[in-house]
Amino acid sequence: MTNTGAFQILSFDMVRIPEMDEEVVDSITARCRRCGHVTTVNDGAVHHLSGGLVMECGQCSNRQALSNAGLAPAHTDLRSV
Ligand SMILES: [Zn+2]
């Protein structure tokens with residue numbers, strides 16, 4: 001699975017916003033590579049950025065900005081399996 005550096009992405013879901021014609025992350029589960037804690041962020045708790053989001057560990061506050069562009073190819077891979 002996708003390895004972003006600070007986090008190992010375990011799974012995520014994207015939703016399409018019709019008004020924006022853009023897919024955004026609806027929920028994401030990732031394992032922190034610093035402390036090993038698995039954090040799930042979903043729905044209203046996702047810190048959206050323009051074109052991405054901020055993933056933050058629930059235990060050690062390790063955080064990293066993730067781009068949709070970086071996640072989308074992995075999502076395509078999941079669908080094709
Ligand atoms: Zn952590």
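This is a predicted model: local features need pLDDT of at least 70, side-chain atom pairs count only at pLDDT 80 or more; totals for chains, interfaces and linings use all residues.
## Overall fold

The protein chain contains one helix and six strands, and, when read along the sequence, these elements follow the pattern β-β-β-β-β-β-α. Of the 81 residues of the protein chain, 15% count as buried. Among the contacts between residues at least 6 apart in sequence, 35% join residues that are at least 24 apart.

## The sheet of β4, β5 and β6

Strands of a sheet pair through backbone hydrogen bonds, in either a parallel or an antiparallel way. Here three strands, in the order β4-β5-β6, make up an open sheet whose pairing is antiparallel. Because β4 (47–49) and β6 (63–67) stand at the edges, each with a single partner strand, one side of each is left without a neighbour in the sheet. From one strand to the next, the twist averages 30°.

The antiparallel pairing of β4 with β5 (residues 52–56) runs over three bridges, and H47 has V54 in β5 as its bridge partner.

## The nonpolar core

Twelve residues form the largest nonpolar core, namely F7, F12, V25, I28, A30, C32, V41, L53, M55, C57, L66 and L71. The elements that each give two or more residues to this core are β1 (7–17), β2 (22–32) and β5, and the largest share, four residues, comes from β2.

Technical notes:
Residues are numbered from 1 along each chain as its sequence is written. Two strands pair if DSSP finds at least two bridges between them. Axes are lines fitted to C-alpha atoms, for helices over the stretch in contact, and angles run from 0 to 180 degrees between N-to-C directions. A nonpolar core is a set of buried Ala, Val, Leu, Ile, Met, Phe, Trp, Tyr and Cys residues joined through C-beta atoms within 7 Å. A residue is buried if 20 or more other C-beta atoms lie within 10 Å of its own, exposed if 12 or fewer, and partly exposed in between; C-beta atoms are placed from the backbone. Two residues are in contact if their C-beta atoms, placed from the backbone, lie within 7 Å.
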